[in-house]
2 protein chains.
Amino acid sequence: MKKLNSDAVKIIPLGGLEQIGMNITAIEYEDSIIVIDCGLAFPEDDMLGIDLVIPDVTYLKENADKVKGLVVTHGHEDHIGAIPYIEKELNMPIYATKLTMGLIENKLKEHNLMNNTRRKVVKYGQNIILGKFRIEFIKTNHSIADSAALAIYTPAGLLVHTGDFKIDYTPVFGDMIDLQRFAELGKKGVLALMADSTNAEREGFTKSEKTVGRTFDNLFNDNQNHRIIIATFASNVDRVQQIINSAYKYGRKVIIEGRSMVNIISTASELGYIDIPDNTLIDISQIKNYPDEKLVLITTGSQGENMAALSRIAASIHNKISIMPGDVVIFSSHPIPGNEKAVFKVINELEMKGAHVIFEDTHVSGHACREELKLIYALTKPKYAIPVHGEYRHLKRHAELAQEMGIPKENIKILTTGDVLEVSEDKLEVTGKVPAQGVFVDGLGVGDVGNIVLRDRQLLSQNGLLIIVVTLDKYSNNLIAGPDIVSRGFVYVRESETLMEDCRAVVEEALEKCLRKNITDWGKIKTTIKDSLSEFLWKRTKRSPMILPIITEV
Amino acid sequence: MKKLNSDAVKIIPLGGLEQIGMNITAIEYEDSIIVIDCGLAFPEDDMLGIDLVIPDVTYLKENADKVKGLVVTHGHEDHIGAIPYIEKELNMPIYATKLTMGLIENKLKEHNLMNNTRRKVVKYGQNIILGKFRIEFIKTNHSIADSAALAIYTPAGLLVHTGDFKIDYTPVFGDMIDLQRFAELGKKGVLALMADSTNAEREGFTKSEKTVGRTFDNLFNDNQNHRIIIATFASNVDRVQQIINSAYKYGRKVIIEGRSMVNIISTASELGYIDIPDNTLIDISQIKNYPDEKLVLITTGSQGENMAALSRIAASIHNKISIMPGDVVIFSSHPIPGNEKAVFKVINELEMKGAHVIFEDTHVSGHACREELKLIYALTKPKYAIPVHGEYRHLKRHAELAQEMGIPKENIKILTTGDVLEVSEDKLEVTGKVPAQGVFVDGLGVGDVGNIVLRDRQLLSQNGLLIIVVTLDKYSNNLIAGPDIVSRGFVYVRESETLMEDCRAVVEEALEKCLRKNITDWGKIKTTIKDSLSEFLWKRTKRSPMILPIITEV
């Protein structure tokens, strides 16, 4: 089985490392490339005005003839969200399990890409051949149904990619993770294991999704006289199933609210991934036909997202639902880091309106904790460990765990996005780097907002701007009109009349200085205006607005 | 003891409710007002470019002749940070314990206010008379030394204000909270208890500060071959004391780094609140004279603040210290909600450089949990409960706790900032409202940035701006020069030449339309340009930059 160096397979993460989100990895062997997942990331706080971040696929475009297909592990946004954008450029055939494909198809429809995109639904255990690769889909558990791990058979050896996963011995829908298959693969010999690092900091086991169902039953029992509103992740179909189960048991009607949740649940329902008893679901327009204590609302907005249903309800700007004293609001979620303040804001608003908010024992994670990761290592016994999915701190803890599991330090590799890792029986080495910065999506623009634009937005957001308009005589450079000063986001002009007067005087003096020195170059005149005004304003206000001198000549 | 309605004392929170920070409360009785604390708040995410938020003291200014003094419970920024700003307007005499006053004086010095400000250091147990009020300072525990609760004797009855507090039976410095005095006051009869709500959601007891010292000892013992860097809150003098104790025990030298920490520790040291063994503290310039394993750095930056020492070290922009593989970095803090991402970013950067980051059991809170609150209620047995210090969710949990402790629901009042609450034996009623929005500080400007300016900054930050410059003939309104388009924060102009061309065409057409319709009013011309361009850009890019038409006439 010993391979030569030339036989190495390349693993090229184009996203998903150093951050949560935007998962995409290319696997390359000679003339064949497959792509695993194609997710988006939500913008960081300093990416002002950006809607989404999608992967940079320059490398794939440059090797478009090699790309055999896209295999997708599951239907979360950070694994499928960039597909329509990237398909416009690469048009890869897509391979995924049924529900995952259903969710991908929703996206393709929105972007009018259904007709042009080849798609194949894959079953667990099924193998597909893509160029030099054979890929097998393996059943896993996660916070969305139909998740898969991938066994990727390459001429260099077998790679196992877990996707996002947890081990749930008592899943709500379908089977538990196929641990036997992981063991079989381990027996055959796994070259490298790429496993989910999200919860690598957490000891123990992640609880079964079913435990949340028990909490719901208790809460429904305790609150039989109140309307119940439950916010959760739109894509957590099993969670919604369990809420529906409790609702049915306690004789309540269910309303599903929030665009993304309505979409996903209807797809899940069409494809048979959720079982809704007849006459349980009602439309929001029927809400008045039922007493409050016979209703459950399942909504989006569990992360405090501004425009989501629950946030609009809390802020009293939802057009159909308002909070009434006595309402019980359950957050079936944990705040994702960065969303805490937004979530607390919604909780405060809900409680001010008299709701009782509950968020204890109402959520379990979808990711494997340390003991689960250890089990996967014990079953697959890989030669190499390549932690995936996580920030550096998660990858680091995962790497330490792999070492505890007996993998030598030199056989563990923490990659950086864009690394080209060559892997074979006798090689584990980063041999190159490909472009892999995220691409910003702002409105319809993809990639037309870059760092200069963002820096300007940052500057504008901090201190606003001053526009200085002067009209100069074409021949003498004498001031004909102005200086006029327009400011936005700087100070209340009405309350700062004298400041504006003084600014005008500073600009006039700067212009006179230019005249005296016979400076006629517009660039230099602008710089002189800018520098004088900027110095004056810093002294006077300790602020640095953007200053834009505009010269017209007549 | 029965009082008439006219005898009610007024409690007027001017900050500190619905939020963490900016604590300030006025207590008024006839011709006397006292002010409790005078803190600042740090800006919310949507307060772009704002440095600080300070209280609106319009009500106090309008009643300046009544204001007898400012009593301060402890030296944290959210209780003393606005003092220099407010003293400039009100010049109240200040009453505080020794360390608190030392920290206030640091601020007064910075603002050149030392000579004009009357100050009196107060001891625990001491009473001061301010107009119709007598105020007694009571020993408490908190995450800063010299914290006090206040017993406020008013003609309407006794108010007890806990300040920020916890119950620490084994404090690091000084005595434990004076529970006996709380009991004595309770025996005498407490009209209203205003207690800290920060941890009202948390069950049980907050651990003693001493437990952190034990953790430090263990960590110093485990990491004898590594340099240790510990980040904590600059004001937590007892925490710093415990680090110094462990350092001394394990024969390490201590470097204190970060401006605010250096300031506070030197004040604490001068006033006798910290005990530093000789030859333990060294200057950062001496760092090279000692081996790594003989050093401890205590730094600011435990909240991931951009410019703090630890963040600069992590980002490799600190001019004296760089992370070396093997360094042990301890976060002796929890992230305050909203700071999680910033903290994780610093952790990732530190670990990428080879540091080992530790944040377990290395911090305890400074605020009372539910069992401690219950104890204070049991000792003081107040007639009324008025929860203070916290967001609504905290105040609500606190109110529930007060009810559990036997206080009737109608005797518990959750206030809103600006409420005027009248309290007497037979009255607990909000009877008015005073201005109490925070005032924004931006650079040297206090209050000159308001909501319109912020809305402009918000808009500019999201999509940038387009400036349209046109020069019109004074008489004919014909276009003489332009339209010129200047954009910032919108798109890369170089990559969007055609978009800019099209914009110019849209503007020209708008101008022609005005000419045709004989519109000569500049306001209307500007609106026409703005509307046409805005519609065009939305269709083409799904973005809404700020559009600023500028017309010059010659």
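Predicted model: local features only at pLDDT ≥ 70, side-chain atom pairs only at ≥ 80, totals over all residues.
1. Helices (H or I, at least four residues) and strands (E, at least two) are taken here as DSSP runs, numbered from the N terminus. On that basis Lys474(A) sits in the loop between strand S23 (465-472) and strand S24 (479-488) of chain A. Lys474(A) is partly exposed at 44% relative accessibility, where buried means under 20% relative accessible area, exposed over 50%, and partly exposed in between (1.4 Å probe, protein chains only). Although Lys474(A) and Glu553(A) are 79 residues apart along the chain, their C-alpha atoms are separated by 5.3 Å.

2. Residues are numbered from 1 along each chain as its sequence is written, chains are lettered from A and ligands numbered from 1 in the order in which they are written, and side-chain values use heavy atoms, with hydrogens and water left out.

3. On the overall build, chain A has 15 helices and 25 strands, and its C-alpha trace spans about 85 × 70 × 45 Å along the principal axes. Of the 554 residues in chain A, 59% are buried.

4. An unreviewed UniProt entry carries the annotation "domain: Metallo-beta-lactamase" for residues 21-216 of chain A; UniProt positions are given in the numbering used here, feature names are shortened, and annotations may be inferred rather than shown by experiment. The span 21-216 of chain A is 24% helix and 26% strand, and its end C-alpha atoms lie 29 Å apart.

5. The annotation "active site", from the unreviewed UniProt entry, covers Asp196(A) and His367(A). These positions are spread over 172 residues of sequence, yet they cluster in space, with a largest C-alpha distance of 7.5 Å. Asp196(A) is found in the loop between strand S12 (192-194) and helix H6 (209-222) of chain A, and Asp196(A) is buried at 0% relative accessibility.

6. The annotation "binding site", again from the unreviewed UniProt entry, covers His74(A), His76(A), His142(A) and His389(A). Here too the positions cluster in space despite being spread over 316 residues of sequence, the largest C-alpha distance being 13.9 Å. Among them, His76(A) belongs to the loop between strand S5 (67-71) and helix H2 (77-80) of chain A, and His76(A) counts as buried at 14% relative accessibility.

7. Side chains of opposite charge can pair when their charged atoms come close. With a salt bridge defined as a side-chain nitrogen of Lys or Arg within 4 Å of a carboxyl oxygen of Asp or Glu, the count over all chains comes to 61 salt bridges. One of these joins the side chains of Glu209(A) and Arg239(A), at 2.6 Å from N to O. Because Glu209(A) lies in helix H6 and Arg239(A) in helix H7 (residues 237-249) of chain A, this pair ties together parts that are 30 residues apart in sequence. Both partners are buried, Glu209(A) at 7% relative accessibility and Arg239(A) at 0%.

8. A salt bridge within one helix is formed by Lys374(A) and Glu371(A), at 2.9 Å from N to O; the two are 3 residues apart in helix H11 (residues 370-380) of chain A, and are therefore separated by about one helical turn. Glu371(A) is partly exposed at 30% relative accessibility.

9. Between the chains, the side chains of Asp442(A) and Arg543(B) meet in a salt bridge at 3.5 Å, N to O. The pair crosses from strand S21 (residues 439-442) of chain A, which holds Asp442(A), to the loop between helix H15 (522-541) and strand S25 (546-553) of chain B, which holds Arg543(B). Asp442(A) and Arg543(B) are both buried.

10. Pro171(B) is in the loop between strand S11 (157-161) and helix H5 (179-188) of chain B, and Pro171(B) is buried, with a relative accessible area of 13%. The C-alpha atoms of Pro171(B) and Pro84(B), 87 residues apart along the chain, are separated by 31 Å.
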